[in-house]
Amino acid sequence: MKISVVITLKKDVLDPQGKVIHQALDGMGFDDINEVRQGKYFEIDTKETDPKKAKDKVEEMCKKLLANLVIENYKIIDAQ
Amino acid sequence: MKSAVITFPGSNCDRDMDVALKKFGFKNKMVWHQDVELPKSDLVVLPGGFSYGDYLRCGSMASKSKIMQSVINFANSGGMVMGICNGFQILVETGLVPGVLLRNKYLEFICKNVFVKINNKDNAYFRKISKNVLELHIAHNEGNYFCTNDQLKEIEDNTQVAINYCDPEGKIEEPFNPNGSIKNIAGIFNKEKNVLGMMPHPERMIDHSLSGEDGSHFFNNLINNLK
């Protein structure tokens, strides 16, 4: 079963990389952007076949390693 | 006095730290990250470098390595643990000290000498140190100290700020903040003050002809405090 996780910076955390990407896009003519925030994406292929159990495991992984909850939020996208 | 320096894959200041500790009288042992037990030590040091290639987040992989459980137990039982640079990043990832270290504000790798003011001398690291301001070296890409407002309040209420970036006279102001850290914070303690994490490298300032000697002040004072 494959599960995807998206990790994003919390709202109040400064994202200088996102800012620079925003500026670059602006310079390329994409001038109607309000904000760019950079994040991380993970695909986890697990042997677990029960979607609920797999999701719980991935949630634990997020809390323990994949995300730093002081600055980041995680979102488990789909179990399939 | 016995010390131990942990070497992770990608550590690169471990041997500098070994040289510094020995120069000031510590009997130092190098410990591999896959070891399970710490040798009997009065001080454990997590050195600078790029453990695990800074994968995921700086220090995050190293914080889960085998030896770290022993380091965490040692710290929780009152043992002295000091993390320098990448070692500081590892400490925040273990949760032994609060906050995180973000990418530097202006996205530059910063490698230069800075001045730091000692904010709290009521601990075994800085007790009786004669100077109030030290000139030390920094070299990092992720040294921008960040924590939530609640954490900051707690850190300040418990006088956990160890050192702040400042000018040569000790003035703590924004122009002397190299990386965007909240309140110019360069190093912090845990609540009990036996764990210290800091971005500057004292081990790079121990030779008059090569650098400066403020690191010597630090180590000399440290070993005297531990005796």
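A nonpolar core is taken here as a set of buried Ala, Val, Leu, Ile, Met, Phe, Trp, Tyr and Cys residues joined through C-beta atoms within 7 Å. In this predicted model, the largest such core holds 68 residues, among which Ile6(B) and Val116(B) touch the most other members. Strand β9 of chain B, residues 161-166, supplies the largest share of this core, namely five residues.

**Cores**

- Apart from its neighbours within four places in sequence, Ile6(B) is in contact with Val31(B), His33(B), Val44(B), Leu46(B), Ile67(B) and Val71(B).

- Nine strands of chain B form an open sheet with mixed pairing, in the order β2-β1-β3-β4-β11-β10-β9-β6-β7.
- The edges are taken by β2 (27-32) and β7 (133-140) of chain B, each of which has a single partner strand, so that one side of each is left without a neighbour in the sheet.
- From one strand to the next, the twist of this sheet averages 25°.
- Within the sheet, β9(B) pairs with strand β10 of chain B, residues 185-189, in the antiparallel sense over three bridges, and Val161(B) has Ile188(B) in β10(B) as its bridge partner.
- Helix α3 of chain B, residues 86-94, packs on the sheet, where it touches β3 (43-46), β4 (80-84) and β11 (195-198) of chain B, and its direction makes about 120° with that of β4(B).

**Strands and helix of chain A**

- Strand β1 of chain A, residues 2-9, pairs with β2(A) in the antiparallel sense over six bridges, and the bridge partner of Val5(A) in β2(A) is Phe42(A).
- Strand β2 of chain A, residues 40-45, lies largely in the open, because the number of buried residues among its six is zero.
- Helix α1 of chain A, residues 16-27, has twelve residues that should span 16 Å at 1.5 Å a residue, and this agrees with the 17 Å between its end C-alpha atoms.
- Gly29(A), which comes just after α1(A), takes a positive phi of about 110°.

**Contact between the chains**

- Twelve residues from chain B and nine residues from chain A take part in the contact.
- On the side of chain B that touches chain A, the residues divide by class into five nonpolar, three polar and four charged.

Methods: Residues numbered from 1 in each chain as written. Chains lettered and ligands numbered in written order. Predicted model: local features only at pLDDT ≥ 70, side-chain atom pairs only at ≥ 80, totals over all residues. Buried ≥ 20, exposed ≤ 12 C-beta atoms within 10 Å, placed from the backbone. Helix = DSSP H or I, 4+ residues; strand = E, 2+ residues; numbered from the N terminus. Contact = placed C-beta atoms within 7 Å. Nonpolar A, V, L, I, M, F, W, Y, C, P; charged D, E, K, R; others polar. Pairing = 2+ DSSP bridges. Axes fitted to C-alpha atoms, helices over the stretch in contact; angles between N-to-C directions. Expected span 1.5 Å × (residues − 1).
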